[in-house]
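Colleague: I should like to learn how to read a model of this kind. May we take one feature after another?

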2 protein chains.
Amino acid sequence: MNVTVSQPDCLSGESVISDLSAALLHPVSIHVGSTPTEEMNGAGNLMDFLDEPFPDVGTYEDFHTIDWLREKSRDTDRHRKITSKSKESIWELIKSLLDAWSGWVVMLLIGLLSGTLAGVIDLAVDWMTDLKEGVCLSAFWYSHEQCCWTSNETTFDDRDKCPQWQKWAELMTGHAEGGGAYVLNYFLYVLWALLFSFLAVSLVRVFAPYACGSGIPEIKTILSGFIIRGYLGKWTLLIKTVTLVLAVSSGLSLGKEGPLVHVACCCGNLFCSLFSKYSKNEGKRREVLSAAAAAGVSVAFGAPIGGVLFSLEEVSYYFPLKTLWRSFFAALVAAFTLRSINPFGNSRLVLFYVEYHTPWYMAELVPFILLGVFGGLWGTLFIRANIAWCRRRKTTQLGKYPVLEVIAVTGITAVLAYPNPYTRRSTSELISELFNDCGALESSQLCDYINNPNMSRPVDDIPDRPAGPGVYNALWQLALALVFKIVITIFTFGMKIPSGLFIPSMMAYHHHDWIIFKNWCRPGADCVTPGLYAMVGAAACLGGVTRMTVSLVVIMFELTGGLEYIVPLMAAAVTSKWVADAFGKEGIYESHIQLNGYPYLDVRDEFTHRTLATDVMRPRRNDPTLAVLTQDSTTVEDVETLIKDTDYNGFPVVVSRESERLIGFVQRRDLTLAIKNARQKQDGVVSSSVVYFTEDAPQLPASNPQPLKLRRILNLSPFTVTDHTPMETVVDIFRKLGLRQCLVTRSGRLLGIITKKDVLRHMAQMMNQDPESIMFN
Amino acid sequence: MNVTVSQPDCLSGESVISDLSAALLHPVSIHVGSTPTEEMNGAGNLMDFLDEPFPDVGTYEDFHTIDWLREKSRDTDRHRKITSKSKESIWELIKSLLDAWSGWVVMLLIGLLSGTLAGVIDLAVDWMTDLKEGVCLSAFWYSHEQCCWTSNETTFDDRDKCPQWQKWAELMTGHAEGGGAYVLNYFLYVLWALLFSFLAVSLVRVFAPYACGSGIPEIKTILSGFIIRGYLGKWTLLIKTVTLVLAVSSGLSLGKEGPLVHVACCCGNLFCSLFSKYSKNEGKRREVLSAAAAAGVSVAFGAPIGGVLFSLEEVSYYFPLKTLWRSFFAALVAAFTLRSINPFGNSRLVLFYVEYHTPWYMAELVPFILLGVFGGLWGTLFIRANIAWCRRRKTTQLGKYPVLEVIAVTGITAVLAYPNPYTRRSTSELISELFNDCGALESSQLCDYINNPNMSRPVDDIPDRPAGPGVYNALWQLALALVFKIVITIFTFGMKIPSGLFIPSMMAYHHHDWIIFKNWCRPGADCVTPGLYAMVGAAACLGGVTRMTVSLVVIMFELTGGLEYIVPLMAAAVTSKWVADAFGKEGIYESHIQLNGYPYLDVRDEFTHRTLATDVMRPRRNDPTLAVLTQDSTTVEDVETLIKDTDYNGFPVVVSRESERLIGFVQRRDLTLAIKNARQKQDGVVSSSVVYFTEDAPQLPASNPQPLKLRRILNLSPFTVTDHTPMETVVDIFRKLGLRQCLVTRSGRLLGIITKKDVLRHMAQMMNQDPESIMFN
């Protein structure tokens, strides 16, 4: 089913523009039979028309916004019904207990599945990344490290030279060394990379177009109340998991972290369908998805608390305390499951476990803050460049050839990456090496300090020794790797395959501080921990790109175990955010949301203009009058004409056209369905029947056609503001209560209507952006 | 000034009952001159009446609730004015930049001051606690530990026996040992304790009655929008700091953590008064206070991130993302300041730094969950017992003698505590010892395992050795200490001196698991870390008492540095919360809020009843009609009569009594002030003048008295709901938008009004509690 819905943004820029804007701006007349809402309600079983609401009432169209207040009130109704029933029999009591616990059950299942998937992905990426270089002879499904673990003869020093692991050239020609072998290895490395990325992009294109990209901008939009059917479906889950492995293994400059959040949310959505409590209520479903996002980050970084904070700070819109506790539980289970699978083989939760024991000094705050400044600048630069490139992709011929683009970028990445040992290996391996302190036994080139025999120092006292040629060599290679990663990541993020940018962003830090600070050290003092600089730099860059603060610091120290260094991390994260905010308020996800034109009302934007509700409401001064229904004088035909002639999502109901006193609001969708239903099933309802929204229809003479009573679908508590209400208050109300629309009155008379779309358009206008070109393109 | 306001709850139960309920239920006629609002606006300088609002408009009475929407909108106005002015001159531009940065400046100041105060308190408590036992001869202002540090001859083993430190008996009689010395030491210990607590309770009683208790329930209430003037004033700050030191040093079973949050909030309030942006806007002020609470927890536990989460999860009501970042900054600065003062002498941020290196095993989850169950039960028991005791204190003669009560409890505590070495020392020292693993050099009794000479084990392999008599002895003493602490804490919390319960709660964990699990160990395996059990147990108990989850876990692992043990901590915290919630939804702070009758609308309570706005609004069926004003037919005299005859906080303004169409809402306070002002300063305004709320007053013949135009004080965008709105939606709106009142309409006609008080009373009624006896008593 997910394959059949309208094409998503990252596969074909133009088609989604028209689809989305059509859905948002011109909700054309609805064909109930064809709407993909089978999962939202059972089969269309015959219900008694007068007692039960007919099917589909209270559901939403694809690409529409939900009404949070209505969802919440529907859930309370459901809850009340179950509670009152539970007193009737023991069976009902058990059912009500099951219902009460279903939230925790869903959390448990989400935790288990996303933890397992994350473990499988980790193992598969490990294996496939190494497959590009060689194969394990004893068992081809072992990665390099696993292969050499199992061969007993390996000692620490020659871990890279265990006989079981053979590079392709060695296996095929028998020569491990020499120019020919190098070229052959190089060639096969590029070939594997191309194969992986081709597979990834093809699978996405054919089976699950929504599986592309990082998914976080869309998840933010969905959590804010927008409906994109199939975005979190079963097919998306399956294909995203597979293609994520392929994409990361192909060596592209992308991370698995963002996509893992998407995968976890798909799990959340999947388990929602097990319980009608969640599957039938879009508001409750979003609570589960918020928790799933927390579980996703929890397994992506091994940071359960960071995950909860990420969900709270970055992606969630409605985050009640209950969700906080559930997210916490889901994140815990997910992290625990991942720990049991133990993909990193160290029975630790964290990916890059490091232990520094040297305290840091006050003076070091200066370079940390400089790193923050650098991170902020880098974040600004990255966002600008990436958005410019993505806009170009959308508007030019480039967007038409996604497969070619992926192949080309993979090719370039692989060709340029292989010669440099720091870019050849997987990014997470590299980060792990950079974060680690040089120990006495470390074989890394970065630790190649000259062992000065004249000094009677213990062997592990590294900082005093002059740097050996290996260090200088490594610094050059790292500098090149930095430039390369910066450039290639700009082009990679936003491509048509699963891609995240956490890890690539972390990559981009400033190595050169090291060598500068080496000169500062007083002889004999163990003064600078290079790994700490790497960690702080990573936090600063990630902060500049995503504008996270608290969750970022928590993730970083859960990730690395460096609890002692909260203060440096905080200093760098805050600085980085300040600097980046000075150049533009939006993080990468908000920028992509805006680029794609999703109707997202950011809680962070402050609306400070002096406009009033009357300036924003429709109808405007020269528009035709507002389309309203009267409570007791409209015929079925009038209603049908109104529905045909207009494209509004709903209509206010007033006492009479003269008094204009508001009594309620009726949804277009509910009205269409109700009339259709009545015409089919209720005798005597014809075009000239009068539609009554009043409590009692008057007794009519028998000659008159049967009246149609529709009070049931009338929302008797529509949200109203007066025309003098400042727009900042209106924006606040829309945000906090999650409204779809709001009616405007003056002295009890209905004047107009403000929809979420009107609010967004007005906000864009106030920021001097062209409202039509910015929104929904 | 703070001394003159009405007496607070914890000094005289009854007087505050009448004060508070009077203020809430019958806001009697207001004498403007005597309201303590000098800090809210400058001197009453003469402003042009027609252009500028007169002084005091838009301020609130003591013990009233603020209107969040109005505060927010006033701040936006202010912001707009500054922004538009900033284009006029460079000086205005600088002023606007200063204004923009003032938030960060306030955070910096709060961080610096609360960090400093926390450091000073830590040092003073250390010294005064030791003063109960003895004195340092070389410098009397040294604590035991500092004294022995300075004497060079001390080695690790005889740290307790450095010659510079003398117990009182030794100093006075020359005999360090023997029964006489023991009795003398005992006697002086109790005497010091009594002196300290007497000083504490007297200072509180005389100078700053609000300085008593933990302060967290009141801070929660204040942050939710209630006004208690002087609660966060300068005097409270000073007296609370001094008495906190005295109370903790006296050996009472209370902690300094809750009061430190109060101290930090006082700092926040103090610095608010420096900037009119914060001092003149109650909404903005509360943003600062939220951040200050985070800084308070940050220094109380050395846990900056935990502090931010505590503020978010536990105390704050309105917590926008901007406040998250600022809190983060304030917590960072505070922690950093404390680290610079370095009161624990280990240059670590954390109080109980521990390092375990043994991983935990899956099977251990069972005892962890059991600890969680125990913690939940203990939490329930504690809350019930403590609330019962506090209610008894309020309703019986007991409440009349607070000084005597404190003296008595201190005496009992000191007498019972001295003989047991685990209760004699300060609670934080004890926790520190319990959390720590037994090392080879540890001199604690708990580590007195028999060194079996037959085994060729290294000396630090402790777990295999059988427990020595010291261990059994210690376990008995600990068990006694546990029972004693449990009982005494129930009576201590809520007394009339500064008291927190974080640390005492942590105390109450289950030591006995240790000995049980010793038998499980496979020989040779280092299987159980006793300190870990202590840590998990502490988390479980604290979770049961306060119902925190995420923030608790973060605080615990920041506190102890035990990053590896997130999963056990999470498991225990979640279990503890579940178990405790099964017996009652409210944590200790909510219980105290309810006990004291503060108008606090808890975000966690779910309202699931099927009532409508029409069931809750006033006037009820048999009440007199709603007191309204008309827009153009009420005279000044009519208004004055209405104000005199009713006690409502405000009046709706309608078009006419016949049409009942609503045009706005006017605050009683503003109305009183406006009429008073007009009578004084505006010529021709007499009792028979007509009050106009319309845009233009009609041209009247010269014979008629001058009309009084009051549109300026009319709120043209009052919040309205229809009579059919479900109460759950109304409750939601009150919570999320922070309303004071909401008008109820049907078809554009005004029907009634719902105030926050009505909502709270209705909620109590629905929970089968007597609304009048529960609220505001």
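Colleague: How many helices and strands are there in chain A?

Modeller: In this predicted model, chain A holds 30 helices and 11 strands.

Colleague: What share of the residues in chain A is buried?

Modeller: Burial is judged by counting neighbours, and a residue is buried if 20 or more other C-beta atoms lie within 10 Å of its own. Of the 777 residues in chain A, 50% are buried.

Colleague: What confidence does the predictor assign to chain A?

Modeller: The average pLDDT of chain A is 74, and 73% of its residues score at least 70. Residues 496–528 of chain A fall below 50, although this stretch has 101 contacts in the model beyond near neighbours in sequence. Residues 773–777 of chain A are also below 50, with 15 such contacts. Where pLDDT is low, the predicted coordinates should not be read in detail.

Colleague: Let us turn to a sheet. In what order do the strands of the open sheet in chain B lie?

Modeller: The order is β3-β5-β6, three strands with mixed pairing. Residues 629–630 form β3 and residues 662–667 form β6; these two strands of chain B stand at the edges with a single partner strand each, so one side of each has no neighbour in the sheet.

Colleague: In which sense do β3(B) and β5 of chain B pair?

Modeller: They pair in the parallel sense, over two bridges, with β5 spanning residues 650–654 of chain B. Within this pair, L629(B) is opposite V653(B) of β5(B).

Colleague: Which helix lies across β5 and β6 of chain B?

Modeller: That is α27 of chain B, residues 668–681, which runs at about 75° to β6(B).

Colleague: Finally, how many residues does each chain give to the contact between chains A and B?

Modeller: Chain B and chain A give 56 residues each. On the side of chain B, the elements that give two or more residues include α2 (68–85), α12 (304–315), β6 and α28 (727–737). The most comes from α13(B), with eight residues. By type, this side of chain B has 30 nonpolar, 16 polar and 10 charged residues.

Colleague: What scores does the predictor give the complex?

Modeller: The ipTM is 0.75 and the pTM is 0.79.

Conventions: Residues are numbered from 1 along each chain as its sequence is written. Chains are lettered from A and ligands numbered from 1 in the order in which they are written. This is a predicted model: local features need pLDDT of at least 70, side-chain atom pairs count only at pLDDT 80 or more; totals for chains, interfaces and linings use all residues. Helices (H or I, at least four residues) and strands (E, at least two) are DSSP runs, numbered from the N terminus. A residue is buried if 20 or more other C-beta atoms lie within 10 Å of its own, exposed if 12 or fewer, and partly exposed in between; C-beta atoms are placed from the backbone. Two strands pair if DSSP finds at least two bridges between them. Two residues are in contact if their C-beta atoms, placed from the backbone, lie within 7 Å. Axes are lines fitted to C-alpha atoms, for helices over the stretch in contact, and angles run from 0 to 180 degrees between N-to-C directions. pLDDT is the predictor's confidence in each residue, from 0 to 100. Ala, Val, Leu, Ile, Met, Phe, Trp, Tyr, Cys and Pro count as nonpolar, Asp, Glu, Lys and Arg as charged, and the others, Gly among them, as polar.
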